[in-house]
Amino acid sequence: MRARAKTSRSLQTLLTVSDRRDCMRKIHFVSLTILGLALVGCAQTDTSKQTAKSDVAAAAPVTALARYLPEFTASGELVLPKNFEKWVYVGSPLTPNALNGGKANFPEFHNVYVEPVSYDIYQKTGVFPEGTILFKELQLTLPQQHPDGSRDEPSGRGYFPGKLNGADVSVKDSKRFPETHGWGYFNFNHGEPKAATAKLKAAADCADCHTANAKKDMVWTQFYPRLDH
């Protein structure tokens, strides 16, 4: 009887130890599983954060653009501004030949662009900063079909942009151009291709007309709502 009781206690002890081991293994497995899920969750969270940051970065506007300033040759000629077509477009006045006695001084659309950082400064201060560049690309109208120079297109009768025809550029530099109220005027051909550099125009060719008629600081802001304030 004693032997049987001893054997029974031994079996119980073994079972208890075995049960404990099983329990510990289960606890260990569950712990690892929880830890694994936690790590996956962290990884997913980090990935989500990175994705969100990437999305924000992609959607954020570029606010620190490098300002493009006028470049001059050793002889004082202005270098044709680079990438002007990516600048801020403000308007396109038009003076066709047919409405100006058959020969207008500028028989084209005047597509005007402003260097972006100078434009931003002007919008904040109301003043064109030193170094401002206004680029006027000239563009002929399509051939006329009517005596007034207009033509018929699907949208109606009017004037429609045709071939490019050179460019005029004005630069604000009070030290360089004190005699023309701080602005210099340059022509890069009335035709294509545009010249690589241009000499300063005489005051009678450009500046005098701006002095007499431009609304603000030698600029025809009256024709460009984004500048007229």
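Biologist: How do the residues of the lining of the largest pocket divide into nonpolar, polar and charged?

Modeller: The model is a predicted one. In it, the largest pocket is lined by 27 residues. By class, the lining residues divide into 15 nonpolar, eight polar and four charged.

Biologist: Which residues lie nearest the centre of the largest pocket, and what is its volume?

Modeller: Elements that give two or more residues to the lining are β3 (108–114), β4 (133–141), β7 (161–172), β8 (183–187) and α3 (207–213). Nearest the centre of the pocket lie Phe106, His110, Lys136, His210 and Trp220. The volume of the largest pocket is about 700 Å³.

Biologist: In what order do the elements of the protein run from the N terminus on?

Modeller: The secondary structure comes to three helices and nine strands. Taken from the N terminus on, the order of these elements is α-β-β-β-α-β-β-β-β-β-β-α.

Biologist: What percentage of the contacts in the protein with a separation of 6 or more is accounted for by residues 24 or more positions apart?

Modeller: Of the 229 residues in the protein, 32% are buried. The accessible surface comes to about 14,800 Å², and carbon and sulfur atoms hold 58% of that surface. Among contacts with a separation of 6 or more, the share from residues 24 or more positions apart is 56%.

Biologist: Which peptide bond is cis, with omega near 0°?

Modeller: The proline concerned, Pro193, has its place in the loop between β8 and β9 (197–198). The cis peptide bond runs from Glu192 to Pro193.

Biologist: Is Met218, which has a positive phi although it is not a glycine, buried or exposed?

Modeller: Met218 is found in the segment after α3, and its phi is about 70°. The limit for a buried residue is under 20% relative accessible area. At 9% relative accessibility, Met218 is therefore buried.

Biologist: Where is Asn83, and what is its phi?

Modeller: Asn83 counts as partly exposed, at 45% relative accessibility. Its place is in the loop between β1 (78–79) and β2 (88–91). Although Asn83 is not a glycine, its phi is positive, at about 55°.

Methods. Residues numbered from 1 in each chain as written. Predicted model: local features only at pLDDT ≥ 70, side-chain atom pairs only at ≥ 80, totals over all residues. Heavy atoms only, no water. 1 Å grid on protein atoms, 1.4 Å probe; cavity = no way out; pocket = protein on both sides within 12 Å on 5 of 7 lines; lining within 4 Å. Points joined across faces, edges and corners; volume = space filled by probe spheres on them. Helix = DSSP H or I, 4+ residues; strand = E, 2+ residues; numbered from the N terminus. Nonpolar A, V, L, I, M, F, W, Y, C, P; charged D, E, K, R; others polar. Buried < 20%, exposed > 50% of the residue type's maximum accessible area, 1.4 Å probe, protein only. Contact = heavy atoms within 4.5 Å. Areas by Shrake-Rupley, 256 points an atom, 1.4 Å probe, with all protein chains shown as cover.
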